[in-house]
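Dear colleague,

Please find below the structure that I am handing over to you. My findings follow directly after it.

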Amino acid sequence: MAEHSTGGGRIGSGDAGRGGRHKQRSRRRTAVAVAAWSAAALVLIGGGGLGIAYAKLDGNLKGVDINAQLDNKDRPADVDTGSMDILVLGSDTRSGANAEYGRDEGAGRSDTAMVVHVYPGHKEASVVSIPRDTLVSRPSCTGPEGQRISAERDVMFNTAYEVGGPACAVKTVERMSGIRMDHYIEVDFTGFKKLVDALGGVELTTTKPIKDADSHLDLPPGTHNLDGEQALGLVRTRKSVGDGSDLGRIQLQQAFMKAFIAQVKDVGLLTNPTKLLDVADTATKAITPDSQLASVPKLVGFARSLSGIGPDDVHMVTLPVAYDPANPNRVVPIDSAARQVWSALRTDRPIPAEALKDSAADKTDAGSVIRSTPSADTGAGAGTQR
């Protein structure tokens, strides 16, 4: 079997053969990772000579064995030319240290979902955000306690995680996209806050005031260095930006990720071993990876395989959707456009701009409310492939 060069295992196994393409040389100079909170942090572990801290960091990691819950025969083919697909979830569990953000209604939820596709050569990546309110056909799956979860039609995407945990979320994404996920990484509210604080905050510029009672965020226009609490408020803001929908919140999250990666680039971690260890310690506590990434040596290999990817090499889009005529609080995939997006990733091609032009996500300007300071453009047009 052909393996991705991650230095660790894969969620699944199978036959080789994904068609590849030659990639242009990246313009980036800096070792940063793909645009997801967790993956961006993992790169920091890889380059700093932290061998003496492996035991401490290993003890922080708690993996989830997704393979054991998925039927290999019921998954997309494991074709491979060196590309890699990762499902990154931001978990919305409201228990333990996260209880301050609201009442736990009995199960965790995936408030943020990103499919990260790393192209062959690992110099560029595309990130497809899946709105949590997207109505999907959820396949039957096996829950974390071995329970059988029945298939259901026209349910919100985030119910997959809610009723069946990580494996059900992976299976739902694979069924939607026809793409086999190589890895899974989850990060929760409290871990995200601590990670931003460990980095010393994230600097960005607001072009308009953001005042949101639900997320407890109040930012005037101007340049800010957001601490963890403010950063969490920003990525949870929805009603006070754009059209007030989850689509606007996704644009804020994508714009924030550009600023986050720029901060990782500028903070000088590789020349500050003490700070690097602090960030690595925080990152390994913040994430739950699949079991084949749940060790520091494997994470180091994974991070190093992504070290050629910088902020300008990460192209962020939202799955093309339209508001559901029967319920304006829900969205449905635009089938033909969604097929173009997933097909592009399956064949290692850029996502075509025409696939996004009719999406409701393309009509909200929430992403233009913030931009990184002073680097990559994160305006409303961010995410369209060249």
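Asp154 counts as exposed, at 55% relative accessibility, and belongs to strand β7, residues 152–156. Please bear in mind throughout that the model is a predicted one. The backbone of Asp154 deserves a remark, as its phi is positive, near 55°, in a residue other than glycine. For context, most residues other than glycine have a negative phi.

His216 is a further case, with a positive phi near 60°. The loop between β10 (210–212) and β11 (217–219) holds His216. With a relative accessible area of 68%, His216 is exposed, since over 50% is the cut-off for that term. Asp348, which follows α9, also has a positive phi, near 60°.

I turn next to helix α9 itself, which covers residues 335–346. Which residues of α9 are buried? They are Ala337, Ala338, Val341, Trp342, Ala344 and Leu345. These residues cover an arc of only 155° around the axis and therefore lie on the same side of α9. Asp335 and Arg339, on the other side of α9, are exposed.

At least two lining residues come from each of β4 (135–138), α3 (159–177) and α9. The largest share of the lining, 5 residues, is supplied by α9. Sorted by class, the lining of the second largest pocket comprises 8 nonpolar, 3 polar and 5 charged residues.

The last topic is the aromatic rings. A pair of aromatic rings is described by the distance of the centres and the angle of the planes. How many aromatic pairs does a search of the whole structure find? The search finds 2. In the pair of Phe192 and Phe256, the ring centres are 5.9 Å apart and the planes stand at 70°, so this pair is edge-to-face. Because Phe192 lies in helix α4 (residues 189–198) and Phe256 in helix α6 (residues 246–266), the pair ties together parts that are 64 residues apart in sequence. Phe192 is buried, at a relative accessible area of 1%, and Phe256 is buried as well, at 0%.

Phe256 also pairs with Phe260 in a tilted arrangement, with 6.2 Å from centre to centre and 45° between the planes. Phe256 and Phe260 are 4 residues apart in helix α6, which means that about one helical turn separates them. Both of these residues are buried. Through these ring pairs, Phe192, Phe256 and Phe260 are linked into a cluster.

With kind regards

How values were computed. Residues are numbered from 1 along each chain as its sequence is written. This is a predicted model: local features need pLDDT of at least 70, side-chain atom pairs count only at pLDDT 80 or more; totals for chains, interfaces and linings use all residues. Side-chain values use heavy atoms; hydrogens and water are left out. Ala, Val, Leu, Ile, Met, Phe, Trp, Tyr, Cys and Pro count as nonpolar, Asp, Glu, Lys and Arg as charged, and the others, Gly among them, as polar. Buried means under 20% relative accessible area, exposed over 50%, partly exposed in between (1.4 Å probe, protein chains only). The arc is that of the directions from the helix axis to the C-beta atoms. Rings of Phe, Tyr and Trp (its six-membered ring) pair if their centres lie within 6.5 Å; planes under 30 degrees apart count as stacked, over 60 as edge-to-face and the rest as tilted.
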